[in-house]
Amino acid sequence: MLHRVAAAGPGQPDRSSFTIYMGPSYDMVLRQYTSDGELVDYQSFRDFSVAKAARMGYQFHDRI
C-alpha cells in the first residue's frame, strides 16, 4: 500500500505524521529461510512473543 502526502505550499502549516505498528495475529506462523534457501515454518507469533517477553523479564498474560 502506498501512502502519499501532498506537499505543503507557501503559507501553509507544516505537516507531521506518525505510524502505529500493528502486529500479526497471535496464531500467525512465522517463517524463516534455512541456510539452503528453503522457507520453513519457525513458530507462532504468540510463541515468539512469549519467549521474547520472558527474555526481557516480562510476564505474558495467560489469556493472550
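The model is predicted, with an average pLDDT of 82 across the protein. Strands E1 and E2 pair in the antiparallel sense, and a salt bridge links Arg 31 with Asp 41.

**Confidence**
- Of the residues, 86% score a pLDDT of at least 70.
- Confidence is highest in E2, with a mean of 94, and lowest in H1, with a mean of 89.
- As a friendly reminder, where pLDDT is low, the predicted coordinates should not be read in detail.

**The hairpin**
- Between E1 and E2 sit 5 residues, and together the strands make a hairpin.
- If you look into the turn, you will find Gly 37 with a positive phi of about 85°.
- Across the pairing, Leu 39 of E2 stands opposite Tyr 33.

**The salt bridge**
- Searching the whole structure turns up 1 salt bridge.
- The partners are Arg 31 and Asp 41, whose closest N and O atoms are 3.0 Å apart.
- Because Arg 31 lies in strand E1 and Asp 41 in strand E2, the pair ties together parts that are 10 residues apart in sequence.
- Arg 31 is exposed, at a relative accessible area of 52%, and Asp 41 is exposed too, at 53%.

**Ser 44, in strand E2**
- Ser 44 belongs to strand E2 and has a relative accessibility of 18%, so this residue counts as buried, the cut-off being under 20%.
- Leaving aside residues up to four places away in sequence, Ser 44 touches Tyr 26, Met 28, Val 29 and Leu 30.
- The C-alpha atoms of Ser 44 and Asp 27 are separated by 5.8 Å, although the two residues are 17 residues apart along the chain.
- The Ser 44 side chain also reaches the backbone nitrogen of Asp 47, at 3.0 Å.

**Ser 49, in helix H1**
- Helix H1 spans residues 45-55, and Ser 49 lies within this helix.
- Ser 49 counts as buried because its relative accessibility is 13%.
- With residues up to four places away in sequence left out, Ser 49 touches Tyr 26 and Phe 60.
- Tyr 26 is worth a look on screen, as this residue is touched by Ser 49 and also by Ser 44.

Terms used
Residues are numbered from 1 along each chain as its sequence is written. This is a predicted model: local features need pLDDT of at least 70, side-chain atom pairs count only at pLDDT 80 or more; totals for chains, interfaces and linings use all residues. Side-chain values use heavy atoms; hydrogens and water are left out. Two strands pair if DSSP finds at least two bridges between them. Helices (H or I, at least four residues) and strands (E, at least two) are DSSP runs, numbered from the N terminus. Buried means under 20% relative accessible area, exposed over 50%, partly exposed in between (1.4 Å probe, protein chains only). Contact means heavy atoms within 4.5 Å. pLDDT is the predictor's confidence in each residue, from 0 to 100. A polar contact is a pair of N or O atoms within 3.5 Å; within protein, one must be able to donate a hydrogen and the other to accept it, and residues adjacent in sequence count only if both atoms are side-chain atoms. A salt bridge is a side-chain nitrogen of Lys or Arg within 4 Å of a carboxyl oxygen of Asp or Glu.
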